[in-house]
Amino acid sequence: MKIQLLVLFLSTVISAFKITDGTLKSSKQELGFFESDSLRLNSTEENLSVSFKIKSNTKPNQIFVKLTNENGIESSFKPTTKKSGESYISKLSLPFTKLPTLFQASSKLFVSLVIASEEDKYFETVGSIENTPYLISKSTYKPTEKFQAKPEIHHIFNEAPQTVDPSIAVVFSFLSIMTFFTLIVSWGFNGALNFGNFKFDLSHFAFIALIIGYEVTFFFYYLGDSIFTTIGRVAILTGPTVWFGSRLLNYLGELRVAGQR
Amino acid sequence: MAVETCSTERSKGPNVLRVHSFKRSQGSGFSNQSINTTTMQLSTLFCLFLVSIASALPSPFPTDTALIYDSKITNLESYTSLLNYLREELRVPLQVLEFNSPELEIFKNGQRNFDNLIIFPTKARSIGSESNIHGLDLLNFFNDGGNVFTITSPTGVSETVRNYLNQIGIYPSPRNHELVDYFVGSNETSFKSIKLTAENVKLESNIISSVPEITYSGSAALLTNNNLLFPILQSPSTSFTKNSQESDEANNWTVGTQGYLAVGHQGLNNARGAWIGDASLLDDSQFSTFDKELLQWTFQMKNILRVTEVKHNHINGDTYAERPYKVKDELEYQITLQEFNGEQWSPVSFSDLQFEIKLISPYHRLNLSELSQDENSTTYGVTFKVPDRHGVYTLQTIYQRPGWSFVEEKEVLSIRHLANDEYPRSWDIPNSWVYITSSVVVFAAWIVFLIVFIYIKDGKIVDSKKQK
């Protein structure tokens, strides 16, 4: 494409045609051919006019005004040509909206003349047009889809749920443990921690062990044992617990009757 | 024990492989006739099974071809290089038929009669013995998997070919319109004999490999933006088409580089076609590598891709059958490709092969990297993490590039969500530590309370009871 552009710029073929009075015109600006400045288009209402005079005795077979964008994509337009004395006057009037949508979205367009007959040739870039960013933003041009690699897509995973900082959890857990010890100490200060009625009786220990057994069963349930396993274990524990529990309660009842508690 | 081997070759019929031979070698051991018979039958079935699979694959082999021409404007004696190339190098079973020959039937009993058509310019409006082959018939031929090589010229463009090309998006210049470039040569003849340069050759179409030396004298075509069209030759910037029968230069079918001189096209069914606007490119004076490559490409004898294996599994090697995929699993995906280069299946290197995992739209689109290569295939792969959304996903590799046969590999899989015991347990979450500790504290306090409750002796209560 760059080579094509280079060719466009440099391709002045030996020419017998003389081009004069060349102008590039919009509604607000007019430039002569070969001026370094570009014709600026800033509105979709603009009308691009290209006019020039060809000094020739015969009408050329080929007269085109060629627009080429930065990528070398070109489109040719045929101007109306009329004889005027010993010359031919060519005029092209092109509303901006009639430009190919690709050109409406191109920042710069080069204007060339291609004029030829069997004897003479003329091919030269005579000026340029700039579309303002505002005008480009109004363009409806969408590139055609071509077979090529598409942009990679990496799925963005949901973030992991936020949790409290472990150090804070440890502090609060410690406070919980301290509460337990505070409770024990407070019981001690109030004289509640005495074992005056202690009696070495296996049924008492069995009852306490069975109560601990319930807690252990529930803890294993929390760790992953099935509900059916848990129900089974509880069922096994229930009978001995009732039996040893009644023994213990009888003992406590006897103490109460005896005035020991 | 008798050992059978089978080999296959493509028959002369379209896309049909037939069992070529059974070679039986005698080994030591069993010689039981019934066992041999059973083995042979099983092997035959197996070979037929292979044949049925192979026949569904794109054809890399020469196939039945019809060359259709109009003797009024085409003298086949000028095309001996082409005919020799087709018959001797490509080994194509070739039928040369006049455009109105009674034998010219592109469909017979509803089946395609040929695999490839070469249609030279014709002066007639339609082709066929009773002008009964229309553009739609050619389109049906193409849609059925047939390859169509069309040539038009300013004097020979039938409505059959024009309608077919128009449906594809190629608009050849009307009758008598020919390409002219006043910027070459110095007389009327030389204006119409345009020597093409590298600027006019589109190598990115991947159909031809080098810039050919071509002097073009024919028609030009406008193209639509159809991405199934692959331009090969483009008109020079200073050229245009004009009607040679009219002095008025007002009607120009193409101007500058918007005209195209040779175009390839490929359907989504991988059938291929080509159009050139100058029959002299194929005649003995110009027959060259350009024509050979274009014919090979059109007849699916080059740039054919085939997938030999697609594999996906967990990163540790477990397959989907062994351990169905669930969200966030790490997986690896591999696909093995090979290319038919005109002679054999060979490895092929691409840097733009992509893999997608999608529900409705892709969740991942990842570039596949080359993992390994053996003597006739290349394996590409990628590792990825399954999206965190369960559903029925499609794992797919679609490779569509100009000039290459299209590859489309899809597999639909169910991706499950996490089971209730696959989420993190509560002790994995720091927040729960406070609750767990509190539960244990309550448990311990309850046990202490229980023991104290059983054995406590409150002196004040006992004393008051004694006083009573």
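Biologist: In which sense do strand 7 and strand 8 of chain A pair, and over how many bridges?

Modeller: Please note that this is a predicted model, in which local features need pLDDT of at least 70 and side-chain atom pairs count only at pLDDT 80 or more, while totals for chains, interfaces and linings use all residues. Residues are numbered from 1 along each chain as its sequence is written, chains are lettered from A and ligands numbered from 1 in the order in which they are written, and side-chain values use heavy atoms, with hydrogens and water left out. Strands (E, at least two residues) and helices (H or I, at least four) are DSSP runs, numbered from the N terminus. Two strands pair if DSSP finds at least two bridges between them. Strand 7 (residues 80-84) and strand 8 of chain A pair in the antiparallel sense over five bridges. Within this pairing, A:Ser84 stands opposite A:Ser87, and A:Thr81 stands opposite A:Ser90.

Biologist: Which residue takes a positive phi in the hairpin of these strands of chain A?

Modeller: The hairpin of strand 7 and strand 8 of chain A has two residues between the strands, and A:Gly85 takes a positive phi near 65 degrees.

Biologist: What is the order of the strands in the open sheet of chain A?

Modeller: The five strands follow the order 2-1-4-8-7, with antiparallel pairing. At the edges are strand 2 (30-32) and strand 7 of chain A, each pairing on one side only. Inside the sheet, strand 4 (residues 47-55) and strand 8 (residues 87-95) of chain A pair over nine bridges, and A:Ser51 stands opposite A:Lys91.

Biologist: What is the order of the strands in the open sheet of chain B?

Modeller: In chain B, four strands form an antiparallel open sheet in the order 22-21-25-26. Its edge strands are strand 22 (362-367) and strand 26 (407-415). Strand 21 (residues 354-358) and strand 25 (residues 391-399) of chain B pair over three bridges, with B:Glu356 opposite B:Gln396.

Biologist: How many residues of chain A are in contact with chain B?

Modeller: Contact means heavy atoms within 4.5 Å. By this rule, 73 residues of chain A are in contact with 70 residues of chain B. Buried area is the accessible area (1.4 Å probe) that two parts lose on being put together, summed over both. The two chains bury about 6,200 Å² between them, 61% of it on carbon and sulfur atoms.

Biologist: At what angle do helix 5 of chain A and helix 7 of chain B pack?

Modeller: Axes are lines fitted to C-alpha atoms, for helices over the stretch in contact, and angles run from 0 to 180 degrees between N-to-C directions. Helix 5 (residues 202-223) of chain A and helix 7 (residues 430-455) of chain B pack at about 170 degrees, with their axes 11 Å apart. Angles over 145 degrees count as roughly antiparallel, under 35 as roughly parallel, 65 to 115 as roughly perpendicular and the rest as oblique. The two helices are therefore roughly antiparallel to each other.
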